[in-house]
Amino acid sequence: PGVPLVYIANGYNFPDALAGAAAAGGAPLLLVAQGVIPTVTATELARLKPARIVVLGGTGMVADALVSALGAAAQGSIDATLAGTSIGGPKVVIIVGPVGSSSDYYRSDANAAAAEAAQFTSNVVKIYTPTATWAAAKAALQGASVVIYLGHGNGFPSPYSSTFMPDRVDGLGLNPSAGTDDATTQYWGELYLARDVKLAPNAVVLLHHLCYASGNSESGMTPPTLSQAKQRVDNMAAGWLAAGARAVVAEGHYGPAWYVHQLFTSHQTIDAVWHASPTFNGHAFSFPSVRTPGATAEMDPDGTPNGYWRAVTGWLDLTTDQIVGAH
């Protein structure tokens with residue numbers, strides 16, 4: 001229970017089933033018909049609670065409606081992901097970490113972004129609490145063109161420690177193990193991103209609702225100085241840029257669906273996208289990144305003491321066409 005991966009193949013399509021048996025390795029391989037989940041398969045999915053479902057052959061071999069039903073059969077532990085022979089388009093990975101009572105809201109925001117992305121690519125991977133483990137996230141992130149993370153942020157400078165700890169700051173807040181709950185959080189810092197993740201060329205990372213990522217403090221905590229806010233933005237982007245991203249966007253009070261739509265429907269720079277956001281305050285300023293030589297960071301405070309809710313860092317002339325390909 002709580003296994004990282006299950007493969008699904010159409011049992012009536014011999015090549016897919018045979019290829020799946022070879023590809024699965026130690027992962028379970030379960031069979032379905034084109035439009036039906038056999039009872040034994042549904043029972044096994046509910047028992048295994050997979051963090052990710054890979055459908056071999058995509059909708060060419062397994063119907064769209066059945067793909068959604070697969071996630072339900074797994075008791076909501078994951079929304080099934082299309083993959084395999086018919087997959088097409090840039091890879092979009094959406095991660096929702098545990099945030100207690102806000103988890104449903106974050107999942108809803110993430111689902112809106114996923115629905116937007118699914119209009120343009122079949123390669124949408126969703127890793128959601130309570131099965132959003134580092135093992136699942138690490139596997140999904142490889143080769144991603146668009147990464148979306150909603151969850152807790154753990155940044156630096158921090159009110160909790162004066163020591164920079166790259167193993168636990170400026171990365172992802174995830175479930176310690178699959179199926180734990182929607183509250184218990186373990187942080188995997190920038191060290192793991194830089195060391196273990198290789199994103200697609202020209203990838204963009206969208207960070208939404210995090211503390212620290214855009215320079216802000218946690219609710220109720222002392223507001224940062226401008227210097228602290230700038231360091232937080234620069235640090236939070238560093239691990240993702242080291243993993244191959246060319247830009248990292250941070251929005252504290254806005255969901256990712258609008259950005260996904262812009263990436264796939266417009267032909268402009270990521271800087272222009274960020275400036276066009278409905279959350280733009282008109283107070284943008286930029287500075288060279290200290291952590292990532294050659295990159296530029298930009299912030300857009302709202303004028304209140306803790307009003308650092310928007311940032312973008314990287315190579316800001318990166319275009320949407322470079323991120324997701326011609327569209």
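## The model as a whole

Because the model is predicted, local features are described only where pLDDT is at least 70 and side-chain atom pairs only at pLDDT 80 or more, while totals for chains, interfaces and linings use all residues. Residues are numbered from 1 along each chain as its sequence is written, and side-chain values use heavy atoms, with hydrogens and water left out.

The protein has ten helices and 14 strands, where helices (H or I, at least four residues) and strands (E, at least two) are DSSP runs, numbered from the N terminus. Of its 327 residues, 54% count as buried, a word that stands for under 20% relative accessible area, found with a 1.4 Å probe on protein chains only.

## Nonpolar cores

A nonpolar core is a set of buried Ala, Val, Leu, Ile, Met, Phe, Trp, Tyr and Cys residues joined through side-chain atoms within 4.5 Å. The largest one has 43 residues, and those with the most contacts inside it include Trp134, Leu207 and Trp240. Helix α7 (residues 226-242) gives the largest share of this core, six residues. Apart from it lies another core of 31 residues, among them Val124, Leu206, Val312 and Ile323.

Strand β10 (residues 203-208) is largely enclosed by the rest of the structure, because six of its six residues are buried. In a regular strand the side chains alternate between the two faces of the sheet. In β10, Ala203, Val205 and Leu207 point one way, whereas Val204, Leu206 and His208 point the other way.

Strands count as paired if DSSP finds at least two bridges between them. Strand β7 (residues 146-150) and β10 pair in the parallel sense over five bridges, with His208 as the bridge partner of Leu150. β10 also pairs in the parallel sense with strand β11 (residues 245-251), over six bridges, and there Leu207 stands opposite Ala250.

## The cavity

Rolling a probe the size of a water molecule over the atoms shows where empty space is left. A cavity is a set of points, on a 1 Å grid over the protein atoms alone, where a 1.4 Å probe fits but cannot get out, and its lining residues have an atom within 4 Å of a point. Grid points are joined across faces, edges and corners, and a volume is the space filled by probe spheres set on the points.

By this rule there is one cavity of 30 Å³ or more, and the largest cavity holds about 40 Å³ of space. Its lining includes Leu207, Val233, Ala250 and Val312, and the elements that give two or more residues to this lining are α7, β11 and β14 (310-314).

Notes. Buried < 20%, exposed > 50% of the residue type's maximum accessible area, 1.4 Å probe, protein only. 1 Å grid on protein atoms, 1.4 Å probe; cavity = no way out; pocket = protein on both sides within 12 Å on 5 of 7 lines; lining within 4 Å.
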